[in-house]
Amino acid sequence: MALPLTGVSACGSATSAPAKQLGSKTACDLITEQDLSIIVGGTVPKPEVSGPQCVYQSANQVTATLGRGIESAKGGSDVTVAGQKATETTTAEGQACVLNVRLSEEDAQQLFSIALVFGPDAVAKFGSTACPMTEKLAEKIVQSLPG
């Protein structure tokens, strides 16, 4: 009888994986230009910093704005990206998307946002896929975080 209880106790004491954390990363540290260029399919130069946001403009007219500690859009649909709670807002018939990813409900600094906007060249190349592309970007970011 002791053996089954030990097995139950061992299963019950398993700890879950530690939560993902942004640590000291700034918005510009969330993704590399190389990783972003792979996802958006065009050369991405160094970003422009605008307060708590980092703005990248790819050669094929995808503008990516990353922020830390701020929501880029209010409202939207609840989604899960890489196991994290998020809200997603799409506009311009799928040619623009905002994703707010919350790593912690209690700490506003553990939130990052991504806004992708397609220019005419990107619309011609990608169509209405801004949200799936935004989700890929968020997955890459979450996978790179400690925890």
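**The cysteines and their setting**

Reply: Happy to! Let's begin with two cysteines, Cys 97 and Cys 131: each of them is buried. Please keep in mind that this is a predicted model, and every value below is computed from it.

Cys 97 and Cys 131 are joined to each other by a disulfide, with an S to S distance of 2.1 Å. The torsion about their S-S bond is about 100°, so this disulfide is right-handed. The bond ties together distant parts of the chain: Cys 97 sits in strand S6 (residues 96–102), while Cys 131 belongs to helix H4 (residues 130–144), and the two are 34 residues apart.

How many disulfides does a search of the whole structure find? It finds two. The other bond links Cys 28 to Cys 54, where the S to S distance is 1.8 Å. Here, too, distant parts of the chain are linked: Cys 28 lies in the loop between helix H1 (2–12) and helix H2 (33–40), Cys 54 lies in strand S2 (residues 53–57), and 26 residues separate them. With a torsion of about 100° around the S-S bond of Cys 28 and Cys 54, this disulfide is right-handed as well.

If we count the bonded cysteines along the chain, the pairing reads 1-2, 3-4.

The protein contains four helices and seven strands, and along the sequence they come in the order α-α-β-β-β-β-β-β-β-α-α. Of its 147 residues, 38% are buried. Among contacts between residues at least 6 apart in sequence, 52% join residues at least 24 apart.

The axes of H2 and H4 come within 10 Å of each other and cross at roughly 150°. An angle over 145 degrees counts as roughly antiparallel, so H2 is roughly antiparallel to H4. The crossing of this helix pair is right-handed. On the H2 side, the contact is made by Asp 35, Leu 36, Ile 39 and Val 40, and on the H4 side by Met 133, Lys 136, Leu 137 and Lys 140.

Val 40 also leads us to a residue beyond the helices. The side chain of Asn 60 reaches the backbone oxygen of Val 40 at 2.9 Å. Asn 60 is placed in the loop between S2 and strand S3 (62–68), and S2 is the strand that holds Cys 54. A relative accessible area of 11% makes Asn 60 buried. Apart from its neighbours within four places in sequence, Asn 60 is in contact with Val 40, Gly 41, Gly 42, Asp 121, Ala 122, Lys 125 and Phe 126.

Gln 61 is partly exposed, at 27% relative accessibility. Ala 82 also has a positive phi, about 50°, and is not a glycine. You will find Ala 82 in the loop between S4 and strand S5 (84–91), where it is partly exposed with a relative accessible area of 37%.

Although Thr 80 and Glu 135 are 55 residues apart in sequence, their C-alpha atoms are 9.3 Å apart in space.

Key
Residues numbered from 1 in each chain as written. Predicted model: local features only at pLDDT ≥ 70, side-chain atom pairs only at ≥ 80, totals over all residues. Heavy atoms only, no water. Disulfide = S-S within 2.5 Å. Buried < 20%, exposed > 50% of the residue type's maximum accessible area, 1.4 Å probe, protein only. Polar contact = N/O pair within 3.5 Å; in protein donor to acceptor, adjacent residues only side chain to side chain. Contact = heavy atoms within 4.5 Å. Axes fitted to C-alpha atoms, helices over the stretch in contact; angles between N-to-C directions. Parallel < 35°, antiparallel > 145°, perpendicular 65-115°, else oblique. Left-handed = near helix turned anticlockwise from the far one by under 90°.
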